[in-house]
Amino acid sequence: MLTIPRNWREKPQRYMLKGGRCKDCGYTMYPARKVCPKCHSENIEIIDLPREGKILTYTVIYSAPEGFEDFSPYAVAIVELTNGARLMLQIVDTDFNNIEIGKKVSVVFRRLFVEGKAGIIIYGPKAIVED
């Protein structure tokens, strides 16, 4: 579970869809890392990620893990953005019959969960299938 300080540290990737691109090999990643997983360079720049992509693979989860029971059933997909970055995102506002490999999606920000007694709402990226 995210703590309030951790939530603020991760704000650029959680609320502005920021990722990283290796200046040496061009690999694009989300979230940004300090070291490129492809070439091990530390020459990483923070970039804005596109909000369009396509579904590479997906699954519908009917038996949710602890803490996600209220969301069940829900769909999760590996989405490749137009710049090559790959994200695992929940698919929302879409009938399960409309989800297909190769379909175009848009990335939106929606509520992930509510934290603590203060009821801090934590948002994050999710995907909507384009018609």
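T94 is found in the loop that links β6 (86-91) to β7 (104-115). The model examined here is a predicted one. With a relative accessible area of 16%, T94 is classed as buried, because buried residues are those under 20% relative accessible area. The side chain of T94 takes part in two polar contacts with the backbone. In one of them, a polar atom of the T94 side chain lies 2.9 Å from the backbone oxygen of V92. In the other, the T94 side chain reaches the backbone nitrogen of V129 at 3.4 Å. When residues up to four places away in sequence are not counted, T94 touches I99, I128 and V129.

Strand β6 itself contains I91. The relative accessibility of I91 is 6%, so this residue also counts as buried. Leaving aside residues up to four places away in sequence, the contacts of I91 are with I55, A75, A77, I99, A127 and V129. Between I91 and S106, the C-alpha to C-alpha distance is 9.8 Å, and the two residues are 15 residues apart in sequence.

Elsewhere in the model, an open sheet is formed by three strands in the order β2-β1-β3, with antiparallel pairing. In general, the strands of a sheet pair through backbone hydrogen bonds. Strand β1 (residues 18-22) is joined to β3 by five bridges, and the two strands run antiparallel. Within this arrangement, G20 is positioned opposite I46 in β3.

The cysteines were considered next. A disulfide is a covalent bond between the sulfur atoms of two cysteines. A search of the whole structure returns zero disulfides. For C36, the closest cysteine sulfur is that of C25, at 3.6 Å, which is too far for a bond, because a disulfide requires the sulfur atoms to be within 2.5 Å. C39 is likewise in no disulfide, and the nearest cysteine sulfur, belonging to C22, is 3.5 Å away. The accessibility of C36 is 0%, so C36 counts as buried, whereas C39, at 33% relative accessibility, counts as partly exposed.

Note on methods
Residues are numbered from 1 along each chain as its sequence is written. This is a predicted model: local features need pLDDT of at least 70, side-chain atom pairs count only at pLDDT 80 or more; totals for chains, interfaces and linings use all residues. Side-chain values use heavy atoms; hydrogens and water are left out. Helices (H or I, at least four residues) and strands (E, at least two) are DSSP runs, numbered from the N terminus. Buried means under 20% relative accessible area, exposed over 50%, partly exposed in between (1.4 Å probe, protein chains only). A polar contact is a pair of N or O atoms within 3.5 Å; within protein, one must be able to donate a hydrogen and the other to accept it, and residues adjacent in sequence count only if both atoms are side-chain atoms. Contact means heavy atoms within 4.5 Å. Two strands pair if DSSP finds at least two bridges between them.
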